[in-house]
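Please find below my notes on the model you sent. They are in the order in which I would read them beside the structure.

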Amino acid sequence: MVQFLQQILSGISIGCVYALIALGFVLIYKATETVNFAVGELMMIGAFLGFTFITMWAMPLWLAAIVAIAATAILAALLERIFLRPMVGEPAFAILVVTIGLGFCLRAVAMMVPPWSGETVRITTPLSGEVLRLGPLILSADHAAVIAATALIVVGFFFFFTRTRIGLAMQAVSQSQLAATYMGVRTRSISTLVWALAGGITAIAGLLLAPIAFIHVNMGLLGLKAIPAAIIGGFSSLPGAIVGGIALGVCESLAGYYLPEGFSDVAAYVLVLVVLGLRPEGLFGQPIHKRV
Amino acid sequence: MRYILRTSYEQDVRLFREGLPQYGWYLGWLALALVAPLFLGVHLVSQLTFILIFAIAGVGFQLLLGFCGLLSLGQAAFLAIGAYACIFLEKQGVPFLGALGLSAVITAAAGAALGLPVLRLKGLYLAMATMSLGFIVEEVAARWTAVTGGNAGTLVPPATVLGYPVGNDIPFYFLCLGLCLIALWLAANILRGPTGRAMVAVRDSQIAAQSMGIEVARVKTTAFALSAFFTGIAGALLAHKIGYVSPDQFTLHLSIELLLMVLIGGVASLRGVVFGAMFLVALPEALAFAEKATGASMPALRPMAFGLLLVLVMIFEPRGINGLLEKVIGYFRMMPLYRRGTFARQRSFVKSERW
Amino acid sequence: MKSKIAAIAVAATFAASAAMAQGTQGVTATEILLGSSVDLTGPVAAIGVPMKAGFEIAADMINEGGGIHGRKVRVLVEDNGYDPKRAILAVQKLMTSDKVFAIIGLLGSAITQVALPATTQRGVPMLFPGAPTHIVYDPPQRLSFALVTGYDIQMSAAAAYAHDELGKRKFCMMYQDDESGEQALAGVERKLGELKLKLVEKTSYKRGATDFSAQFARMRGANCDVVMLGTIVRETAGAALERAKIGWDVPMFAPQGAVSRAVIALGGKAVEGLYAFAPSLPIALAKNDPRLAEAVKRYKEKSGKAEDPDDFFMISFAGMMLFAEGARNAGKDLTVDSFVKGMEQIKDFDVGEGWGKMTFTPTQRLGSTRNYVMQVKDGVWTQLKALD
């Protein structure tokens, strides 16, 4: 029983990372109805930037984190402005392919930076190595930080979307771009802002992930698992993204312990197929109807 | 929009829509392909073989994506199934050609089976479902050690036809050339028959096709099965060419390479597949050449070129090399009457699917 | 159609043999061309990049000493991203398009396993892969020479050490589920079989994985008192971190790949006390050798880095020294046959302080069976013993 709870606990913490990336993903989808396959690479760049600032430029942790997040947000906004603005109106499939291409480009850029390419690195925080004990359960402090940060972000977003003007404008754009434009909302700028926000969130996810896993150029594949998480939760739902991510993390963790080898790698994808088969719009999504 | 100047009633059902000039070009290419080994070195013939193999895989993908509108990010799974089935059969003693045919049928069955659960899904959901299938098949290949040899991989037994070894460079090249021609011919004929037309109808508007009496579920399943058939053959050939199969050859990256190939070659065009295959194989060679010329080793060049190409092609020329070719041909054909706006792109502001 | 194919095939064969009749592939009057393929961008790039430097610096040093019977040595290194498919294509290209004399220092057990039949078929020697896999020397083949012991020999010796010196009886193992990890597993199981013991728990992970919590949870649940690892660089550090995270105090044994500074850099305090078995010493412990010291000095100048290169630099460097010795023994007329004979004349050859003495005979294709027992003490790898 203890092992079961222990696995759930570690599953929740990795699930929070998936949840954050899925949040960024769903944000973009809600506002612009484009799918962004480059979230994994954005996370990787955020993590590497954080590593560079902490280890090589010896910035204090909090400052390095803020700068890394801001830099990734700006990068995401630039990507949207340069590459996705010309694609407005093109079929969704084309935009999907463009984001796949952008993911490759970002990975290539990371490989071109000498301290990053070919290296596997780790960030150590003041919390690294510490463990919290909750009765018989062990939770490493880094994992606890992930959970705490995710909770904070979720609460923060709730207030952002319901209480601030920009948040409301984003909600409006995600419900109907046409109506939002009529009401005076600058939809194109909002799109860029949404990308920036998503970039920031994925950078936070990357920085939270860095102390518990390794940072390396191919870490974007981990971010790719956030897309199944978003599907499970439902594309059009932000709470769904969080729930989906955590569910995914827990499933992976339990599968790794109880099932034979290899199941934990595919747990995410099997779960996605099951959800798509039973309830295609996801746990919290709205059913999609097409009008002819 | 493609402008087909009709000059005869049979044009829509003919194999070569534009008649004799097209025949001539294709015969010329065929002749070149036949004599190529005479004056190209072993390495280049090997590259040509890869082009042919990827072209066969691309035919499969094109049937699914270009002609039925189903985006699948899991084609590597079918390559894997085809490769492993063929090797398994050969190890049981089935002769090479028989194993090839059987493995293609097995892969087709797998394609139909895998296509069934995803029938209701569209667009991104289908892409994600097929991507998941790709990962799952990769993992199954790693775990099912009795058949696949697990993660350590298996060496491929050399291929022989009637006792004559065809596994080596030049005979294998001709084998792949023959199979590629057959695949293209088969695909072209499927497309001009009722099956293909139904697939195109489903691509263009599923609901309209349904109201015309086309059973969409059956058409989609057929599309998956046919696509898997061709991809399975390509997988078996690929395994023999490389000489070694392991589950981590069939990754998402390979599926995306196939996607890139079909996109750059030209969606919804069979000769575009061949262009795309040429491009896909020429790209790493060109990059290696560039690296050698500048003397520096830039490992980042591959993903960068890959990514940039995907982005730029989709932004500037979504119809790929074939689109460019058609523009040029169209220009020359309509010469005195050519207008600048003939090939202007039209944006399709698709209505949101959410309500 | 068939006669057409046959005619073309015959013509091509004539053309090929005409090309071959011009002399041994890769050997001209002034140059010997060698080829290699290592990981420069993938999971083991931390090893691959120093190996490439080792080839280049060794070639420089050989050429400055007058070359080999007046010929300069050049090594062409292709990247394979630790992907067997890319590796086999790179090796094919090196053999057919670049026409190298021999393939030297391939990195990766799975890659070597795949490339060996291809090189043997074309009659190209396979020299000193930086891959601890036994197929290079067992069974001995004419065109294949090995420098490093296989993972099975290393971990077998590790299991014996854990049993004899540390008195452990309940063994667990975590291994990479590909050729290299399975070799390690085979070695451990073979030794345990001799000792009439069995593995209490064995777990595996996929190449490239970074999360080992499930594996360690299972092993801990099985209550073993020693953990054997079949890991390379990154995963060794990851395993050590996981062990520290769950607060489990058991000795861990890792094979050759662990003896890398990257493991210490990644693992930090967690790798303290980790054991490793390797066929060569890390550079820090072998620096008294003048040739190696010179090579390290050149590496620092060339790359601008202040620290020593990764220890796999030694493998490619030693491999080049052995090649040079064999080629010199072959005499002025260098062909594959004369080279093989030249290699077989090597007896008790010293490639440096961090290695055993190398001997090659028609039935022994592994230079030396020595294993060094090492442990991390105070953040550096220190040598405990040398077992031959």
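Predicted model: local features only at pLDDT ≥ 70, side-chain atom pairs only at ≥ 80, totals over all residues.

1. Overall form of chain C. Chain C contains 13 helices and 12 strands. Its radius of gyration is 22 Å, close to the 21 Å given by the globule rule for 388 residues, so chain C is as compact as a globular protein of that length. Along the principal axes, the C-alpha atoms of chain C fill a box of roughly 65 × 55 × 40 Å.

2. Interior of chain C. Of the 388 residues in chain C, 58% are buried. Among contacts in chain C with a separation of 6 or more, 67% are between residues 24 or more positions apart.

3. Domains of chain C. The domain assignment divides chain C into domain 1 (5–148 + 286–369) and domain 2 (151–278). Taken over C-alpha atoms, the centres of domain 1 and domain 2 of chain C are separated by 30 Å.

4. Where the two domains touch. In chain C, 14 residues of domain 1 are in contact with 19 residues of domain 2. On the domain 1 side, α2 (45–64) and α4 (109–122) of chain C each supply at least two residues. Which element gives the most to this side of domain 1 of chain C? The answer is α4(C), with three residues. By class, the domain 1 side that touches domain 2 of chain C has seven nonpolar, five polar and two charged residues.

5. Contact between chains A and C. Here 21 residues of chain A are in contact with 22 residues of chain C. The elements giving two or more residues to the chain A side are α1 (2–32), β2 (137–140), α11 (238–258) and α12 (263–278) of chain A. The largest share, three residues, comes from α1(A). This side of chain A has six nonpolar, 11 polar and four charged residues.

6. Helix α13 of chain B. Helix α13 (residues 301–316) of chain B has 16 residues, which at 1.5 Å a residue should span 22 Å; the end C-alpha atoms are 21 Å apart, which agrees. The buried residues of α13(B) include B:R302, B:F306, B:L310 and B:M314. What do the buried residues of α13(B) pack against? They pack against α11 (252–265), α12 (270–294) and α14 (320–333) of chain B, together with α3 (61–84) and α4 (92–112) of chain A.

Definitions and conventions:
Residues numbered from 1 in each chain as written. Chains lettered and ligands numbered in written order. Domains from an automatic or database assignment. Contact = placed C-beta atoms within 7 Å. Helix = DSSP H or I, 4+ residues; strand = E, 2+ residues; numbered from the N terminus. Nonpolar A, V, L, I, M, F, W, Y, C, P; charged D, E, K, R; others polar. Expected span 1.5 Å × (residues − 1). Buried ≥ 20, exposed ≤ 12 C-beta atoms within 10 Å, placed from the backbone. Rg over C-alpha atoms; globule rule 2.2 N^0.38 Å.
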